[in-house]
Amino acid sequence: MSYDAIVLAGGAARRLGGADKPALSVGGRALLDRVLDACPDARTTVVVGDRRATARPVHWTREDPPGGGPVAALDAGLLRTTAELVLVLSADLPFLDRETVRALLEAPSAPAAPGRDAAPGRDGAMLRDPDGRDQPLVAAYRAEPLRREIALLAAEHGTLTGLPLRALTAELDLARVTSRPLASFDCDTWDDLAAARARIREHGSVLEQWITAVKSELGIDLTVDTKALLDLARDAAHGVARPAAPLTTFLVGYAAAHAAATGADPAQAVAEASRKAADLALRWADEAAADSAEQNGSG
């Protein structure tokens, strides 16, 4: 699906004392980088805000004057995009995931609301959080109706500065996508940031979050069978020696990368390398157990 992405990262962050919110980290990664990771396949990604280091290349722009509010910032971002479908995100969503983004991008293809004269399909789709609140900065919009309504607002008010997003979205036919529990969680205050940092370390999600962070840091996109790798590490530790666990998983990764370089599917390469190493660890353990039994018997 072809789309452009606009990330709004130029707010004043008053409730954070004016801190550079997009650069604040959760799980060792900047909030902005976490949002960018949710839309890696955007044809063009435009960040509206001051330039800063990012994990992947983006285009930069600013509304004029800076600090003109979300509608003005969105208009500035639209000027740098050409796709018919535009993903719009705020830069403070630590748990936004690719599945949620995909759901937003697919939702506008639903039939238009009764009585609408627009072209087939909706004008876009907006995330609705678990409390029933609409999130216009976690949304996918068709560019044509979005540009049209922004132009009408500019003509009516003489400026886009200071206009609320509801003045724009109220005139659009938008589908609603129900949010997963944390997908719409944003960091507006220091308490929010602390809560996000605590959530990411919870027992039930820490491994998934860590693996996602490592993959992003290393620039790889690979489906990881966590259970298979943990089972392999356990077998190596118990059947050989405890230090064998990390060394074995490293070698499996290296072998999988080598196989992928020759054209193998990366996920299948990891699975096959894990299977071979796990079988070896079990044979190693069985041999040691047999030797031990024989020695005990002869003694």
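View A. Leu207 sits in helix H7 (residues 206–218); helices here are DSSP runs of H or I with at least four residues, strands are runs of E with at least two, and both are numbered from the N terminus. This is a predicted model, in which local features need pLDDT of at least 70 and side-chain atom pairs count only at pLDDT 80 or more, while totals for chains, interfaces and linings use all residues. Residues are numbered from 1 along each chain as its sequence is written, and side-chain values use heavy atoms, with hydrogens and water left out. Leu207 counts as partly exposed because its relative accessibility is 45% (buried means under 20% relative accessible area, exposed over 50%, partly exposed in between, with a 1.4 Å probe and protein chains only). Val206, Leu207 and Leu230 make a nonpolar surface patch of about 230 Å². Patches consist of residues with over 30% relative accessible area and no salt bridge, with like charges joined within 9 Å and nonpolar side chains (Val, Leu, Ile, Met, Phe, Trp, Tyr) within 5 Å. Accessible areas come from the Shrake-Rupley method with a 1.4 Å probe, and for residues only the protein chains shown count as cover.

View B. Helix H9 (residues 244–261) has 18 residues, which should span 26 Å at 1.5 Å a residue, and its end C-alpha atoms are 25 Å apart, which agrees. The expected span is 1.5 Å times one less than the number of residues. Ala244, Ala245, Thr248, Val252 and Ala256 are the buried residues of H9. They lie on the same side of H9 because they cover an arc of only 100° around the axis, the arc being that of the directions from the helix axis to the C-beta atoms. Exposed residues on the other side of H9 include Leu247, Phe250 and Tyr254. Just after H9, Gly263 has a positive phi of about 110°.

View C. The structure holds 22 salt bridges (a side-chain nitrogen of Lys or Arg within 4 Å of a carboxyl oxygen of Asp or Glu). In one of them, the side chains of Arg98 and Asp37 meet at 2.9 Å, N to O. Arg98 is in helix H3 (residues 98–106) and Asp37 in helix H1 (residues 31–37), so this pair ties together parts 61 residues apart in sequence. Asp97 and Arg180 form a salt bridge at 3.2 Å, N to O. Asp97 is in the loop between strand S6 (85–90) and H3, and Arg180 is in the loop between strand S9 (174–178) and helix H6 (190–199), 83 residues apart. Asp97 counts as buried at 15% relative accessibility, whereas Arg180 is partly exposed at 42%.

View D. Glu144 and Arg148 meet through their side chains at 3.6 Å, N to O. Both lie in helix H4 (residues 143–157), 4 residues apart, about one turn of the helix. Glu144 is exposed, with a relative accessible area of 52%, and Arg148 is partly exposed, with 33%.

**View E. The aromatic pair.** The count comes to 1 aromatic pair. Rings of Phe, Tyr and Trp (its six-membered ring) pair if their centres lie within 6.5 Å; planes under 30 degrees apart count as stacked, over 60 as edge-to-face and the rest as tilted. Phe95 and Phe185 form an edge-to-face pair, 6.0 Å centre to centre with 65° between the planes. Both Phe95 and Phe185 are buried.
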